[in-house]
Amino acid sequence: MTAEIITSDTIKLTTQDGVATISLNRPKQLNSFTEEMHNALASVLDEVAANEQVRAVIITGAGKGFCAGQDLGNRDPRKQTYDLGQTITDFYNPLMKRLKNLGKPTIAVVNGVAAGAGIGIALVCDIVLCSDKAKFAMAFGKIGLVPDSGLTWSLVQLVGLARAKALVLTNATLTAEQALEYGLIWKVYESDRLMDEAIKLATTLAYGPALGTSLTIQALNQATDNSLEDQLELEASYQQKAGYSDDYKEGVTAFLEKRPAVFYKDSN
Ligand code: T3D
């Protein structure tokens, strides 16, 4: 077992036992995003994607918040105009694509308030765990903006069009329990248990069959865009890949030998 800590000012990365934990680290501003933080997170995500020892990824926030979206301290529309389409194209959209296509399971650990693009970051992850103190504040309408970071897509997918429209048009703030009831997240834990539970889940995923897990995520991500016929074809091709893997050989061998399968050994 090993722990390695790499820090930049705004993003902290810890790797241990196959699990990378990424903390958004601007707690005084509720971990809202600056350009520097976007660049630091992009580098860390690329590093995590390339590191074969990393087999599951947690993303969380330092301090009492998860992420309040764009840093509004960086915006003063009284003094200048901004091409926000450009910042979305240059920073938020690549971030969403990096997270969605990481090739490893991602867990958002929402420790406190998530607002604006912070909600988009949580919902693009494969599994969302929340503290009982977490809140989801839609926020965009309050400053005259449109939901971004994939939220017009993910909210509709997760809660349906009727609830998605009402949530964003009323700038609603959901509690963790409401988010659970709406099907937005997987589980809620008391705040002092949240990280232990997240690490337990991430470690279980890290010790699972990496290729099969990655292909499963990819298949599920494509399900809503595909017809059943297309999805059946996709499953056949992914199953072919999984069937040629060492993990399949180990899984079936372990079954026949009546022992737990070993897909991953921490090399340290
Ligand atoms: O601009 C572009 O590039 C386009 C991109 C858009 C993407 C987006 O995400 S747009 C949405 C931007 N985010 C928001 O509009 C959220 C603004 N924040 C809030 O509405 C509230 O702060 C929260 C609902 C998130 C939390 O409320 P509360 O009462 O728990 O905390 P608070 O007291 O409002 O905030 C605590 C501190 O965090 C406070 O600083 P202070 O007064 O203690 O020094 C506050 O200013 C700071 N903070 C919160 N959100 C932001 C922020 N600082 C900078 N940027 C923020 N987004």
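How many aromatic pairs does the structure hold? In this predicted model, the structure holds two aromatic pairs.

| Aromatic pair | Centre-to-centre distance | Angle between planes | Geometry |
|---|---|---|---|
| Phe 33 and Tyr 92 | 6.2 Å | 65 degrees | edge-to-face |
| Tyr 207 and Tyr 264 | 4.8 Å | 70 degrees | edge-to-face |

Phe 33 belongs to the loop between strand E3 (19-24) and helix H1 (35-50), whereas Tyr 92 is part of helix H2 (residues 84-100), so their pairing ties together parts that are 59 residues apart in sequence. Both Phe 33 and Tyr 92 are buried.

Tyr 207 is located in the loop between helix H7 (191-206) and H8, and Tyr 264 in the segment after H10; the pair therefore ties together parts that are 57 residues apart in sequence. Tyr 207 is partly exposed, at a relative accessible area of 30%, while Tyr 264 is buried, at 8%.

Two arginine residues also lie over tyrosine rings. Arg 75 lies over the face of Tyr 82, 5.0 Å from the ring centre, and Arg 163 lies over the face of Tyr 182, 4.0 Å from the ring centre.

Helix H10 (residues 246-256) has Asp 247, Glu 250 and Ala 254 as its buried residues. These residues cover an arc of only 65 degrees around the axis, which puts them on the same side of H10. An α-helix has 3.6 residues a turn, so residues three or four places apart point the same way. Helix H8 (210-223) is included in what covers the buried residues of H10. On the face turned away from the buried side, H10 carries the exposed residues Lys 249, Phe 255 and Leu 256. Lys 258, which follows H10, has a positive phi near 55 degrees.

Definitions and conventions: Residues are numbered from 1 along each chain as its sequence is written. This is a predicted model: local features need pLDDT of at least 70, side-chain atom pairs count only at pLDDT 80 or more; totals for chains, interfaces and linings use all residues. Side-chain values use heavy atoms; hydrogens and water are left out. Buried means under 20% relative accessible area, exposed over 50%, partly exposed in between (1.4 Å probe, protein chains only). Helices (H or I, at least four residues) and strands (E, at least two) are DSSP runs, numbered from the N terminus. The arc is that of the directions from the helix axis to the C-beta atoms. Contact means heavy atoms within 4.5 Å. Rings of Phe, Tyr and Trp (its six-membered ring) pair if their centres lie within 6.5 Å; planes under 30 degrees apart count as stacked, over 60 as edge-to-face and the rest as tilted. A charge sits over a ring if NZ of Lys or CZ of Arg is within 6 Å of the ring centre and within 35 degrees of the ring normal.
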